[in-house]
Amino acid sequence: MDCPYCSNPTSRVTDKRKSPEGIRRRRECLKCKKRFTTYEKIERGDLYVIKKDGKRERFDRKKLEAGIEKAFEKRPVAKEKISKMIDEIEEKIRSKGKKEIKSSTIGGLVMKKIKKLDNVAYIRFASVYRDFQDVKDFRKGLRGL
Ligand SMILES: [Zn+2]
């Protein structure tokens, strides 16, 4: 990214922040020392979920959110914590760089994350999420209640 003031191509990054929209970088031009901001968009290519029955479905964050939020209904967990968790899950799914992902892979990922936050939500999610494969983990979760 060339400096917008003097077109010098070299700059140094002074600050880097991740957001769901992309990576935001504060840069300082090495020539004129002026500062500017750049955004690196996260690739939002099509991602398909392969369901247990073999059907393909476009990945839908809203759907994932709805399922997770339902599991946390009336639980004493801050909403920001939940949405941060969903961000992390989506980032992890997309960072694999694949065009397709098994629903069971997503399920496993979600289970792991939920477990760290709340046991009851974990059990709820597991009981709804029929694709959940690791039954042993599920039983362990039940015993932990
Ligand atoms: Zn410059």
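Predicted model: local features only at pLDDT ≥ 70, side-chain atom pairs only at ≥ 80, totals over all residues.
1. Methionine 1 sits in the segment before S1.

2. Once neighbours within four places in sequence are set aside, its contacts are Asn8, Pro9, Ser11, Phe36 and Thr38. There is also a C-alpha separation to look at: methionine 1 and arginine 27 are 26 residues apart along the chain, and their C-alpha atoms are 9.6 Å from each other.

3. Serine 7 belongs to the segment before strand S1, which spans 11-19. Take a look at its backbone: serine 7 is not a glycine, yet its phi is positive, at about 65°.

4. Lysine 74 is another one for the backbone check. Its phi is positive too, near 60°, in a residue other than glycine. You'll find lysine 74 in the loop between helix H1 (61-71) and H2. With a relative accessible area of 80%, lysine 74 is exposed, since anything over 50% gets that label.

5. Now the charged surface. Which lysines gather in a patch of positive charge? They are Lys92, Lys96, Lys98, Lys112 and Lys116, and the patch lies on the surface.

6. Is lysine 98 buried or exposed? Exposed, because its relative accessibility is 56% and the line is drawn at over 50%.

7. On the overall layout, the chain has 5 helices and 6 strands. Following the sequence, they come in the order β-β-β-β-β-α-α-β-α-α-α.

8. Some whole-chain numbers to finish. Of the 145 residues in the chain, 31% are buried. The chain exposes about 10,100 Å², and 49% of that area is supplied by carbon and sulfur atoms. As for contacts, take those between residues at least 6 apart in sequence: 43% of them join residues at least 24 apart.

Notes. Residues numbered from 1 in each chain as written. Heavy atoms only, no water. Patch = residues over 30% accessible without salt bridge, like charges linked within 9 Å, V, L, I, M, F, W, Y side chains within 5 Å. Areas by Shrake-Rupley, 256 points an atom, 1.4 Å probe, with all protein chains shown as cover. Salt bridge = Lys/Arg side-chain N within 4 Å of Asp/Glu carboxyl O. Lys, Arg positive; Asp, Glu negative; His and termini not counted. Charge placed at Lys NZ, Arg CZ, Asp CG, Glu CD. Buried < 20%, exposed > 50% of the residue type's maximum accessible area, 1.4 Å probe, protein only. Helix = DSSP H or I, 4+ residues; strand = E, 2+ residues; numbered from the N terminus. Contact = heavy atoms within 4.5 Å.
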